[in-house]
Structure formats: structure tokens, C-alpha cells
Amino acid sequence: MHSFGYRANALLTFAMTILALMCTLASLSDNFNSPTPSAHVKVVNINRFQKQPKGNDEVSMQLNISADLQSLFTWNTKQVFVFVAAEYETLKNSLNQISLWDGIIPSKEHAKFWIHTSNKYRFIDQGSNLRGKEFNMTLHWHVMPKTGKMSADKIVMSGYRLPDEYR
Amino acid sequence: MDWQGQKLAEQLMQILLLAFAVVAFATGYISGSFQMMVLIYAVGVVLTTLVTVPNWPFFNRHPLKWLDPSEAEKHPKPQEAVSAKKKPAKNSSTPTQEAS
């Protein structure tokens with residue numbers, strides 16, 4: 001501590017160590033939060049259900065997505081990435097996952113939302129397995145904290161069924 | 001800065017930083033604002049820098065009292081005997097230098 005440089009160096013080192021400690025504590029404080037998110041997805045209409053020339057089935061649909069993800073936000077949350085996927089089983093693959101819509105929620109004020117949209121990304125099967133197919137709508141989310149580990153979870157909604165015939 | 005001033009500067013630095021860290025974390029957690037925590041802590045670091053890094057007068061209240069030069073001359077250091085004994089001992093312990 002005998003010179004200007006020594007004192008500046010000691011102070012900076014100690015300040016940064018404490019800052020790291022504070023960030024760790026902030027990250028740990030997220031464990032006290034037990035989120036109770038809710039979501040609901042409704043298929044309003046099947047706009048188009050066709051077989052492409054290559055042989056793959058494609059669906060275009062209108063969706064009503066409503067969700068309340070406010071409880072995911074704590075003081076240490078930067079943003080939440082959320083996406084809706086259609087998940088179903090075929091003979092070849094036990095899990096097919098097709099992302100239909102996604103969004104970034106920047107703050108708690110925007111975490112309770114309702115959106116009416118057609119599928120943002122194309123719903124195409126690898127093959128023609130979609131006629132009369134039962135599928136799940138799953139709302140996945142990834143929580144991105146300001147400091148600490150990212151976490152992800154989902155809500156699975158079952159009981160959706162595609163029409164038996166192309167239209 | 002004298003010896004006691006250095007000790008004071010180090011202790012002040014640690015106490016001030018820790019205090020600001022506790023206040024910043026508590027305020028940030030209660031108000032639910034991470035930005036608030038970082039802001040308060042940043043202000044604390046700047047203040048602590050201003051208090052402890054420059055060589056303020058209050059760090060120099062206990063200057064060292066050196067002996068008068070005339071006092072030192074009355075008690076000369078016994079140098080000659082020590083250096084004469086050490087030199088040959090050092091050479092014999094490193095024979096590799098002679099070989100090369």
C-alpha cells in the first residue's frame with residue numbers, strides 16, 4: 001500500500017472480487033423463486049393441409065396463444081425466450097418437434113400476452129404422417145438471467161388432432 | 001504515506017467496499033432492480049478510490065523519526081568481516097562454473 005499504483009491495484013482487485021461475489025449471490029437468490037407459469041394454445045383454423053410435390057405433408061394453421069409467464073421474472077432475469085412447438089410421434093421417430101412460433105419477452109410487463117397468429121415457421125412433416133395425427137402443443141421457454149446459469153422448462157398441452165383429409 | 005497511514009488506507013478500503021457491497025445488494029434485492037445494485041456499488045467504488053488511493057494528509061500523521069547522521073557514525077556497521085568470509089564459501093559450493 002506504499003504507492004499510488006499499489007493502492008489502485010489492491011482496490012480494483014478487491015472491488016472486482018466483491019462484485020463477483022455479489023453476482024453469485026444474485027444468481028443464488030433465484031432459487032427462492034418458484035414460478036407458476038400458465039399457457040394455453042388454441043388451433044382456431046386449419047388454413048391449408050396439403051401434400052407437397054416431394055411427398056411431405058404441410059399444414060398452415062391459425063393459432064391463439066395466451067400465456068402468463070410473469071412469475072418467471074426475478075430481479076436477475078434479463079429476458080425469456082419462448083417458443084411453441086408441435087410434438088408428435090411417428091413410426092420412424094419417437095419424437096418429432098416442429099417450432100411453430102417463437103418470441104423474446106424482454107420484461108415482466110410483457111410476460112402476460114395473448115397473440116393471434118398463423119404459424120410463423122412452416123409446419124412440414126418429413127413424410128406424410130400427418131393425416132389424423134394426434135399431437136401435443138408444447139410451450140418451451142428459456143430463462144436468460146443477468147448472471148448465472150440459463151434454465152429451461154416447458155408446458156405440454158395434449159389433445160390436438162389434425163384432420164383426416166387434405167384440404 | 002507513513003506505515004500507519006498505509007494500514008489505515010488498506011483497512012478503510014476493505015471496510016468501505018464491503019459496506020457498499022452490502023448496501024447495494026440489499027437495496028437491489030428489495031427494490032428488485034439489478035441495475036440499482038450495480039449503480040450503488042459503482043458509486044461506492046469511485047468514492048473508495050477517492051478516499052484511499054490519493055496520498056491525503058491524514059495518511060501522513062505519523063512520520064518516521066530517523067536517527068541523526070552523527071549518531072549513526074558512532075556505531076559503524078561491522079561489514080568487512082562478514083563479506084570476506086562469505087565469498088570463498090560461495091565459490092567452493094559451485095564447482096561446475098570452474099569446469100566450464
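Which residues of chain B does the UniProt annotation "transmembrane region" cover? That unreviewed entry gives residues 12–32 and 38–59 of chain B. UniProt positions follow the numbering used here, feature names are shortened, and annotations may be inferred rather than shown by experiment.

What you're looking at is a predicted model, where local features need pLDDT of at least 70, side-chain atom pairs count only at pLDDT 80 or more, and totals for chains, interfaces and linings use all residues. Residues are numbered from 1 along each chain as its sequence is written, while chains are lettered from A and ligands numbered from 1 in the order in which they are written.

**Chain B and its helices**

- Chain B has 5 helices and 0 strands, where helices (H or I, at least four residues) and strands (E, at least two) are DSSP runs numbered from the N terminus.
- Back to those annotated stretches: residues 12–32 of chain B are 95% helix and 0% strand, with end C-alpha atoms 29 Å apart.
- For residues 38–59 of chain B, the figures are 68% helix, 0% strand and 30 Å between the end C-alpha atoms.
- Helix α1 of chain B takes in residues 3–31, and its 29 residues should span 42 Å at 1.5 Å a residue, which agrees with end C-alpha atoms 42 Å apart. The expected span is 1.5 Å times one less than the number of residues.
- Just after α1(B) comes Gly32(B), with a positive phi of about 65°.

- Of the 100 residues of chain B, 18% count as buried. Buried means 20 or more other C-beta atoms within 10 Å of the residue's own, exposed means 12 or fewer, and partly exposed is in between, with C-beta atoms placed from the backbone.
- In α1(B), the buried residues include Gly5(B), Met13(B), Phe20(B) and Gly28(B).
- Among what covers the buried residues of α1(B) are α1 (4–29) of chain A and α2 (34–52) of chain B.
- Val43(B) sits in helix α2 of chain B, and this residue is exposed because it has 12 other C-beta atoms within 10 Å.
- Val43(B) and Phe20(B) are 23 residues apart in sequence, yet 8.6 Å apart in space, C-alpha to C-alpha.

**Where the chains meet**

- 18 residues of chain A are in contact with 23 residues of chain B; contact means C-beta atoms, placed from the backbone, within 7 Å.
- The chain A side of that meeting place has 13 nonpolar, 3 polar and 2 charged residues. Here Ala, Val, Leu, Ile, Met, Phe, Trp, Tyr, Cys and Pro count as nonpolar, Asp, Glu, Lys and Arg as charged, and the others, Gly among them, as polar.

**Chain A in two parts**

- Chain A splits into domain 1 (1–31) and domain 2 (33–161), with bounds from an automatic or database domain assignment.
- The centres of these two domains of chain A, taken over C-alpha atoms, are 42 Å apart.
- 5 residues of domain 1 of chain A are in contact with 6 residues of domain 2 of chain A.
- UniProt (unreviewed entry) lists residues 1–26 of chain A as "signal peptide", and that span is 88% helix and 0% strand.

**The cores**

- The largest nonpolar core has 21 residues, and Leu69(A) and Trp141(A) are among those with the most contacts inside it. Such a core is a set of buried Ala, Val, Leu, Ile, Met, Phe, Trp, Tyr and Cys residues joined through C-beta atoms within 7 Å.
- A second, separate core of 20 residues includes Met1(A), Ala15(A), Trp75(A) and Tyr41(B).

How values were computed: Contact = placed C-beta atoms within 7 Å.
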